Amino acid sequence: MGHGPAVKLGKDDASAYKTKLGVKMFIAYTLVYVVFVAINATSPKTMQSIVLGQTAAVIWGFGLIGLALVMAIIYNHFCTRAEARMNS
Amino acid sequence: MVYTQSPLAIGLFIFFVSFVLGLSFYLARRTSSADSYYAAGGNIHWFTNGVAFAGDYLSAASFLGICGMIATAGYDGWMYSIGYLAGWIVALFLVAEPMKRLGKYTFTDALDSKFNSKAIQLTAAISTLLVSVFYLIPQMVGAGVLVQPLLGLPHWVGVCIVGVVVTIIVATAGMASTTYVQFFKGALLLIMSTVVVIYVLTQGLSTSPVNNGQAYHDFKTLQADAALNVNEAGYNVVAGLDSEFGKAGFVKLVKDGVESIWHLNQNDQGFRLEETLFMTKLPDGTKTFNGAAKEEGKFFPVGHIKELRVNGQEVATTGAVGPLAYLSALKDSTIVLWGKKYIHDGANTVTVYYQKPTPGDRVLRPGLKFKVDNATGTQTFNFVSLMLALFCGTAALPHILIRYYTVPSQAAARKSTIVAIAAIGFFYILTLFLGMGAMTNGVINLTDNNMSAPLLALSFGVVLFSIISSLAFATVLGTVSGLIVAASGAVAHDLMDNFLGMRMTDAGKVRAGKISAVVVGCIAIYLGIIFEGMNVSFLVGWAFAVAASANLPAILMLLFWKRTTAKGIAASITVGLISSLGRILISPDMWVRYGYLPTEAPISFNSPALISIPLSFLALVMVSMMTQKDLIINDATETAGA
């Protein structure tokens, strides 16, 4: 049927660990995103309040974008370490 | 607005197009196998792929649409940026590595990896085609928008140029040329957007913006008594308080034979009249702008600050400021936004744009576009549904997912996603400054806010405008080429090769992909022409809703629920497609496209994701539960064959 990767992949014993870690981090980020959407939907005036010299909405926006990158780097760190440990 | 073409802009445009075409023809000599055509041989470095992800993803919707929406609706436009970026978390944590492990050339390959099911091959291919086409429309519209100021050509010519160039890119070297076009475009977009933001911050804020050496139009204010006697000589009332204009809060005056429309604001002495901009659509379809032909340039660019405050003091200008000080000054100031009303004036339809001074802290929080303040249940539903679609859509876009097949390993897939998050996140932070810069620098074309970012660049000089416009055109090229690779893969690999079982040699598969690319390119051109005038980011929101509904439930359940069956996946895709597309087609926004009033639409919301995604999950679970015996047979066959 012509499926399977276009290049030959080695065995990855860290796959299960990475999946579990990914699910946990996904849930954590999703919760933050849900809170953000919920505040905007139910109490938008809260987003007009001033935090650190900016509107709360701007701080939330920068925070969500920054958090995504920080969590991505942490995820990669643990995945790379697991691959080195389990696939060696 | 009237644009003047610059030879530099035309030269840069020709250079960009020549460069990508030359690159494509060069790479074509190395693209003879199906692996190299559909997956660039699977040997792209993770960093290159990460930047190419950004080049693929940061489409006309991001660069033109989001900046335009921020310029006219403030923070609500930036909500798109936040939602799009959050979607990459789904891609990284749940989808990236499994997609690399399971798939070969297309999104369908991954879904079908366990089953070899004709139903999956057909439904997933149709889904890929529909999502790609939905995504293609705003890109092509964006191309048409750009070509007018850049080359002085009409909308349809821009659409045709992009269609032809992209079809050549894809038909020559497939994913290989597409990858490098996207890499260069992604890198240049980040660099040049940063340059424009530096210009914005260096110039700072002012109550009298200067647009490329031209002073901002001085919008007049008149005073009239309660009987509408204007205190300035020469003005006579044409349509007063009892007219359709008066009922809508406006008055039409004439002076020296020139008609003008004024916004009524009641005060102690009667009325304060504020000058408006207006577009009149005549019964024969022709349009006038402030009562004159477009070429006369009487429809002025807008966007200014009414009261600029820094540290509690009212000032005329801030001078150069840092990014946080820039946002802080905007938050404390009063910004003039523009409202819009439609008025029937006999057989003519008049669109009146009027000033709406708005506190900066109100602009920098949600609620100007999305109805979230004192919202009805339907309005809240619409908002949450859109945010859900943006969050779930990224990891379900076929043209994004197939980039995972171009890298050599799962670790490379993961790392390239992180590079993409860094690049795209940085760009989306820039969009806030680009949009707010356009909002306050007198560059917004109220009849088409998609041009706000390039026109912001124009306010700093023709050289920057030329570079940004050419780059915006390259932006469209990069994204459209990725979409056409995905769509042609769905036709040639999923439908012809797998579903129909047409026996093809390796060279035959490549030929089928190239012919499919040409056909998809022609369809994209046609759609780009008929959808002229719609906000491109808004259209992409629909593509995300369809992708999130049809594809994401199937991907996630395949990865995380062992009882998922082939029929369950096919049912999920079908239900997701029908429920999302069906709701979009009867939505208020589409009703306007059909020529009816939005209030006459059968449903009152535009974003279907909050209904269609759960329906898609439900269909998968129910059908899988009913077809568990297929799973047992499949397992037994695999065991026997082992």
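## Sheet in chain B

In chain B, five strands make up an open antiparallel sheet, ordered E3-E7-E6-E5-E4. Strands here are DSSP E runs of at least two residues, helices are H or I runs of at least four, and both are numbered from the N terminus. Two strands count as paired if DSSP finds at least two bridges between them. The edges are E3 (221–224) and E4 (236–239) of chain B, each of which pairs on one side only. From one strand to the next, the twist averages 40°; axes are lines fitted to C-alpha atoms, for helices over the stretch in contact, and angles run from 0 to 180 degrees between N-to-C directions.

E3(B) runs antiparallel to E7 (residues 270–275) of chain B and is joined to E7(B) by 4 bridges. Within this part of the sheet, B:Gln223 has B:Arg272 in E7(B) as its bridge partner. E7(B) also pairs with E6 (residues 258–267) of chain B, in the antiparallel sense and over 6 bridges. E6(B) and E7(B) form a hairpin with 2 residues between them, and B:Asn267 stands opposite B:Gly270 in E7(B). Strands of a sheet pair through backbone hydrogen bonds.

## Basis of the model

This is a predicted model, in which local features need pLDDT of at least 70 and side-chain atom pairs count only at pLDDT 80 or more, while totals for chains, interfaces and linings use all residues. Residues are numbered from 1 along each chain as its sequence is written, with chains lettered from A and ligands numbered from 1 in the order in which they are written.

## Chain B overall

Chain B contains 23 helices and 13 strands. Its C-alpha atoms fill a box of roughly 95 × 50 × 50 Å along the principal axes. The radius of gyration of chain B is 26 Å, which agrees with the value near 26 Å for a compact globule of 642 residues; it is taken over C-alpha atoms, and the globule rule is 2.2 Å times the number of residues to the power 0.38.

Of the 642 residues, 58% are buried, meaning that 20 or more other C-beta atoms, placed from the backbone, lie within 10 Å of the residue's own. Helix H19 (residues 552–560) of chain B is mostly covered, with 7 of its 9 residues buried; among them are B:Leu552, B:Pro553 and B:Met557. Among chain B contacts between residues at least 6 apart in sequence, 76% join residues at least 24 apart. A contact requires C-beta atoms, placed from the backbone, within 7 Å.

## Domains of chain B

Chain B is divided into domain 1 (32–205 + 376–537) and domain 2 (213–363), with bounds from an automatic or database domain assignment. Taken over C-alpha atoms, the centres of the two domains are 37 Å apart. Their contact takes 21 residues from domain 1 and 23 residues from domain 2.

On the domain 1 side, the elements giving two or more residues are helices H4 (60–73), H8 (155–203) and H14 (410–440) of chain B. H14(B) supplies the largest share, 5 residues. By class, this side has 12 nonpolar, 9 polar and no charged residues. Ala, Val, Leu, Ile, Met, Phe, Trp, Tyr, Cys and Pro count as nonpolar, Asp, Glu, Lys and Arg as charged, and the others, Gly among them, as polar.

## Contact between chains A and B

The contact takes 38 residues from chain A and 56 residues from chain B. On the chain A side, helix H1 (15–42), strand E2 (54–55) and helix H2 (56–86) each give two or more residues. H2(A) gives the most, with 14 residues. The chain A side comprises 24 nonpolar, 11 polar and 3 charged residues.

Key: Buried ≥ 20, exposed ≤ 12 C-beta atoms within 10 Å, placed from the backbone. Contact = placed C-beta atoms within 7 Å.
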